[in-house]
Amino acid sequence: MSNRLDWIDDELERLRDADLDRHLHTHEGPQGPTLAIAGRMLVNFGSNDYLGLAGDARLAAAAAAAMNVEGFGSGSSPLIVGHASSHARLEAKLAEFERVEAALLTSTGYAANVGAVTALVGRGDIVFSDSLNHASLIDGCRLSRAEVLVYPHGNIDALAAGLSEAGEFRRRLIVTDGLFSMDGDVAPLADLAELAETHDAMLLVDEAHATGVFGAQGRGTCEAAGVEEAVDVRIGTLSKALGAIGGFVAGRESLVARLVNRARPYIFSTALPPAAAAAAVAALDIVREEPQRRTELLARAAELREALAGDGWDVGPSVSQIIPLVVGDAGETMRLAAQLRERGFLVPPIRPPSVPEGECRLRLSLSYAHSPQMIADLWAALKELR
Ligand SMILES: *Cc1c(COP(=O)(O)O)cnc(C)c1O
C-alpha cells in the first residue's frame, strides 16, 4: 500500500490532541431508556427517541406484517419501480396528520432538507438561513447554488435588514429549524411568518425534533405557534420521536410534484423498505392515540430544566426535551461525560463541529420512556459532579 493516505493519521492525531476525536459505541438489544454497551447497562440520555417508540413492539409488528406481504427491499428509487403501497399509505397518512394537501416520503430527514432546498432555489435566488440550522439545511443551501445569507441565531432584526437590503433576486427563501437540536430552543416563528409575508419570501421550517412532541396534536412547533398556514414547506423526520426511519416534506400538492421532479436526493436514491413506512404509520397512530406521551415528556423536561438551573447548571435557552448543559471547554466536557458514564448514565458530549468552539456541552435528551426515578437519579448524579 502506498503512503498517500498518511495525512489522515496526522489529522486524526490532531483531533485526539484537541479532545475532538469521535468514536462509535455499539450497543446490544433494542433502542430504549437503557442500553447495553460493552457489557454494561447504561441509562440512555442520548437518543432522539423522545416518545419511546423506537423499541415499541407495535412498530416492529407493523413492519413484520408489511414484510410478509411486500418483502424487505424496495428494489429501486421511487420514480422507477420503488414506490410500494406502504409508501403511498404513509404519504396519505402524513398529509392527513399534517393537515396539508400532500406529503412526500424521503429516505431520511437529511434527504428531505437537501432535496427541498435545492428544488426550491438555485442560481439567481437567495436563501436566508439561521446560523444554528441543522447541517442538512446548510448542505441544502450550499448545493442549491443560490446566494446564502446566514443571519445570527433567532435574530429577527438582522433577518429583516437582510431581506430589505437584498438586491434583485428571482426567489427568496427563509429556512429555519423549528426546534434547535443543540440548544433546545424554538425559532421565533410568528415573526418569521410575518417577515416572509412582508418580503414575499417562501418559508421552510424543519420540525425534525418537534414532530410528535410539540403542538396540541403533535405536529410540531408551527402548530404550537399557530403559524402553520403561513409556512410554505414543513419538513419532518420519522426517525426521532416517531421511532422509525425516513423524512417527509409536507405542503401543497404542487410542492410535492416539484420535489418528485427536481429533488435529487429523492430521485437518485433507493426508496425505503416498505416495512419501514408501515412502522411509521403505526407510530402516527400512537401519536394520535397517546397524547400523554408528549405532554408528560414536556412536563418532566420543564421540571428537570428548572432543577438543573437551580443547581447552577447553564441550561441555555432550552424550552424543550433537549436540555444542554453548557460547559465550554472540550476536555472538561469529556471528563464530565466520563464521570456520568462511571455512574451509569450515557450523556453525549457535544463538541465542534456540532457546536461553536468554546461552547462544548453535555446534551440531555429526555424520553417518555425514562422513568421518573431515572430522571431523579440523573439529577442527583449531576448535583454531585457540579
Ligand atoms: C436529525 C435532523 C435531521 C435529519 O433527520 P434524519 O431523519 O436523521 O436524517 C434534519 N434536521 C434536523 C434539525 C435534525 O435534527
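Is Glu 359 buried, partly exposed or exposed, and what is its relative accessible area? In this predicted model, Glu 359 is partly exposed, with a relative accessible area of 36%. Its salt-bridge partner is Arg 361, and the closest N and O atoms of the pair are 3.5 Å apart. Arg 361, by contrast, is buried, since its relative accessible area is 2%, which falls under the 20% limit for that class. The side chain of Arg 361 also reaches the backbone oxygen of Glu 359, at 3.1 Å.

Arg 361 belongs to strand S14, which spans residues 360-365. When residues up to four places away in sequence are set aside, the contacts of Arg 361 include Met 182 and Asp 183.

Across the whole structure, 21 salt bridges are found. One of them joins Arg 293 to Asp 56, with the closest N and O atoms 4.0 Å apart. This pair links distant parts of the chain, the two residues being 237 residues apart. Arg 293 is located in helix H13 (residues 292-310), whereas Asp 56 lies in the loop between strand S3 (40-44) and helix H2 (57-70). Both Arg 293 and Asp 56 are buried. A further salt bridge connects the side chains of Glu 223 and Arg 219, with an N to O distance of 3.8 Å; Glu 223 and Arg 219 are likewise buried.

Strand S4 (residues 102-106) is largely enclosed by the rest of the structure, because 5 of its 5 residues are buried. In a regular strand, side chains alternate between the two faces of the sheet. In S4, Ala 102, Leu 104 and Thr 106 point one way, while Ala 103 and Leu 105 point the other way. The residues of both sets are buried.

Strand S10 (residues 247-251) pairs with S4 in the antiparallel sense over 5 bridges. Within this pairing, Leu 104 has Val 249 of S10 as its bridge partner, and Thr 106 stands opposite Gly 247. Strand S10 is itself mostly covered, with 5 of its 5 residues buried. One side of S10 carries Gly 247, Val 249 and Gly 251, and the other carries Phe 248 and Ala 250; both faces are covered. S10 also pairs with strand S9 (residues 233-237), again in the antiparallel sense, over 4 bridges. In that pairing Gly 236 stands opposite Phe 248 of S10.

A nonpolar surface patch of about 470 Å² is made by Leu 5, Trp 7, Ile 8, Leu 12 and Leu 15. Elsewhere, Phe 268 is exposed, its relative accessible area being 63%. Phe 268 is placed in the loop between helix H11 (264-267) and helix H12 (274-289). Although Phe 268 and Ile 80 are 188 residues apart in sequence, their C-alpha atoms are 9.8 Å apart in space.

Methods:
Residues numbered from 1 in each chain as written. Predicted model: local features only at pLDDT ≥ 70, side-chain atom pairs only at ≥ 80, totals over all residues. Heavy atoms only, no water. Patch = residues over 30% accessible without salt bridge, like charges linked within 9 Å, V, L, I, M, F, W, Y side chains within 5 Å. Areas by Shrake-Rupley, 256 points an atom, 1.4 Å probe, with all protein chains shown as cover. Buried < 20%, exposed > 50% of the residue type's maximum accessible area, 1.4 Å probe, protein only. Pairing = 2+ DSSP bridges. Polar contact = N/O pair within 3.5 Å; in protein donor to acceptor, adjacent residues only side chain to side chain. Contact = heavy atoms within 4.5 Å.
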